[in-house]
Amino acid sequence: MSFLSRRTKFYFLSFLKHDFKASITVFFVALPLCLGIALASNAPVVSGLLAGIIGGLVVTLFSNSNLSVSGPAAGLTAICAAAITKFDALEIFYLSVAVAGLIQFLLGLLKLGGFTHFIPASVIKGMLSAIGIILISKQIPPLIGYDKPEFWTNELFNIITLNHAFRNVHDLYEHTSSGAIIITTFSLLFLIGWKKYLAQKLSFLPASFLVVLLSIFISLFLKTYLPSYQLAPSQFVSIPIDIFSSIKFPDISLLFSNAAIWQTGVIICFVASLETLLSLAAIDKLDPYNRISSQNKELMAQGTGNLVSGLLGGLPITAVIVRSSANAEAKAKTKLSAFFHGVWILIAISIAVPLINMIPYCVLAVILLRTGYNLVKPQMIKSIYKQGREQFFPFIITVIAILFTDLLIGVLIGIVHAIYYSVKHTYLAGFTLTQKKEGHHDHFTITLAMNVSFLSKKRFIEML
């Protein structure tokens with residue numbers, strides 16, 4: 001009992017001194033991301049908020065990571081959007097999320113959490129870059145306040161191909177919002193200026209929350225003083241006052257009647273697990289106490305969270321490096337910070353829905369634009385290029401394959417290409433032959449590598 005009392009006292013004092021402040025910081029980072037990721041996934045904003053709450057309240061209980069924070073992830077938006085479009089009803093998509101959670105739990109239970117170590121780093125970076133490109137491209141309509149569907153297949157694509165270009169330019173102009181463009185411009189300038197001049201001095205203030213506040217003030221200013229530029233009601237976040245009444249429970253009976261549910265579940269499980277384990281490895285490096293988290297326990301925790309999220313109508317959940325790094329920077333000490341950030345989201349949607357509904361969609365697109373850019377930074381691409389063709393070719397082929405097929409097929413193509421380079425390197429590195437002339441005689445020296453495999457047999461016989 002004395003041990004329990006000491007442990008309880010430790011957590012209580014840690015919460016008062018460190019985790020309370022950190023949880024509020026993470027909440028201000030997570031809330032706009034939950035809304036924005038739901039927007040990018042073509043899902044109701046309620047789904048993103050539910051995933052944020054479950055990531056805080058459920059995943060944290062089963063995880064043994066002290067600094068990792070879970071919630072809906074930008075890396076899954078392309079998969080979610082494609083799946084929601086493919087399925088007839090949202091409830092079927094939610095079943096796929098639940099299936100993904102079940103598979104994740106089994107992977108952790110069978111101690112298969114180390115599978116990410118077998119995926120080449122260049123392929124992982126290619127996957128994240130492709131996700132970043134897709135994420136950025138999807139933000140163009142809300143950035144300019146475009147209010148018509150099929151943006152890519154109609155106006156913009158036809159302008160690029162010069163198919164009825166002038167008519168489509170006029171249509172694009174008619175259905176965009178000057179007010180949204182004004183808010184987008186000021187929000188982008190604010191984020192650039194904040195990162196350049198104030199981020200280091202005021203690191204305790206989350207830029208995402210500040211830019212959301214700025215957008216609300218600008219939208220109120222336009223409505224009051226420049227009504228011709230004000231945003232339409234459809235360009236604001238719209239959450240029902242009684243949010244819990246809009247929760248949709250999936251029909252479990254459909255689970256064995258639609259193979260696409262399992263296929264989508266496997267894809268979500270693969271990407272969510274990959275993003276979780278990569279984030280976990282990164283956040284452990286930021287831990288000042290050098291605590292190492294169990295990959296298998298984390299997969300089981302994430303699986304439990306995704307199972308609950310899918311059954312309640314939420315988006316897929318992963319450990320997210322943006323929230324986790326904000327948690328570490330805010331000097332969090334235990335996982336109470338991650339838990340209470342979920343509590344604050346729950347309280348916010350219970351009592352502050354009118355305030356949340358004042359947030360313009362275009363500012364969420366700006367936040368996601370920044371998130372997408374961080375996934376596909378030019379500096380990162382340049383550093384991979386400098387590592388040589390064995391790293392760069394699998395990277396660029398993974399990116400192109402994902403953009404032209406889908407994420408799972410693209411990653412498999414990237415892995416096959418990386419294996420080709422690995423086999424080729426092993427084939428060439430099996431031995432070296434040097435020739436030296438002494439008098440009238442040629443002397444040959446064959447130097448074998450540490451491990452010579454069967455791949456070098458053909459070259460060896462030809463050389464002899």
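Student: Which helices each supply at least two residues of the lining of the largest pocket?

Tutor: H1 (2–40), H5 (121–138), H9 (178–198), H10 (207–225), H11 (259–286), H13 (321–329) and H16 (361–375) each do. This is a predicted model, in which local features need pLDDT of at least 70 and side-chain atom pairs count only at pLDDT 80 or more, while totals for chains, interfaces and linings use all residues. Residues are numbered from 1 along each chain as its sequence is written, and side-chain values use heavy atoms, with hydrogens and water left out.

Student: What counts as a helix, a pocket or a lining residue here?

Tutor: Helices (H or I, at least four residues) and strands (E, at least two) are DSSP runs, numbered from the N terminus. On a 1 Å grid over the protein atoms alone, a pocket is an open set of points with protein on both sides within 12 Å along at least five of seven lines, whereas a cavity is a set where a 1.4 Å probe fits but cannot get out. Lining residues have an atom within 4 Å of a point.

Student: Which helix gives the most to that lining?

Tutor: H16, with seven residues. The lining has 49 residues in total, and those nearest the pocket centre are Ile-321, Val-322, Ser-325, Asn-374 and Lys-377.

Student: And how much space lies in the largest pocket?

Tutor: About 1,800 Å³. A volume is the space filled by probe spheres set on the grid points, which are joined across faces, edges and corners.

Student: How does the lining of the largest pocket split by class?

Tutor: There are 32 nonpolar, 10 polar and seven charged residues. Ala, Val, Leu, Ile, Met, Phe, Trp, Tyr, Cys and Pro count as nonpolar, Asp, Glu, Lys and Arg as charged, and the others, Gly among them, as polar.

Student: Which helices line the largest cavity with at least two residues each?

Tutor: H2 (45–62) and H12 (295–312). The largest share, three residues, comes from H2. By class, the lining of the largest cavity has three nonpolar, seven polar and two charged residues.

Student: Back to H9, then. Is Ser-187 buried or exposed?

Tutor: Ser-187, which lies in H9, has a relative accessible area of 0%, so it is buried. Buried means under 20% relative accessible area, exposed over 50%, and partly exposed in between (1.4 Å probe, protein chains only).

Student: What is Ser-187 in contact with, leaving aside its neighbours within four places in sequence?

Tutor: Val-211, Ser-215, Val-363 and Val-366. Contact means heavy atoms within 4.5 Å.

Student: Where does Trp-262 lie?

Tutor: In H11. Trp-262 counts as partly exposed because its relative accessibility is 32%. Apart from neighbours within four places in sequence, Trp-262 is in contact with Val-99, Leu-255 and Phe-256. Trp-262 and Ala-100 are 162 residues apart in sequence but 8.1 Å apart in space, C-alpha to C-alpha.

Student: Rings next. How many aromatic pairs are there?

Tutor: The count is 11. Rings of Phe, Tyr and Trp (its six-membered ring) pair if their centres lie within 6.5 Å; planes under 30 degrees apart count as stacked, over 60 as edge-to-face and the rest as tilted. Phe-27 is buried because its relative accessibility is 11%, whereas Phe-28, at 22%, is partly exposed.

Student: What kind of pair do Phe-340 and Trp-344 form?

Tutor: A tilted one, at 5.7 Å centre to centre and 45 degrees between the planes. Both lie in H14 (residues 336–351), four residues apart, about one turn of the helix. Ring pairs link Phe-20, Phe-339, Phe-340 and Trp-344 into a cluster.

Student: How many of the residues of H3 are buried?

Tutor: Seven of 10 in H3 (residues 77–86), so that helix is mostly covered by the under-20% rule. Among them are Thr-77, Ile-79, Cys-80 and Ile-84.

Student: And what share of the protein chain is buried?

Tutor: Buried residues make up 47% of its 464 residues. The chain has 20 helices and four strands.
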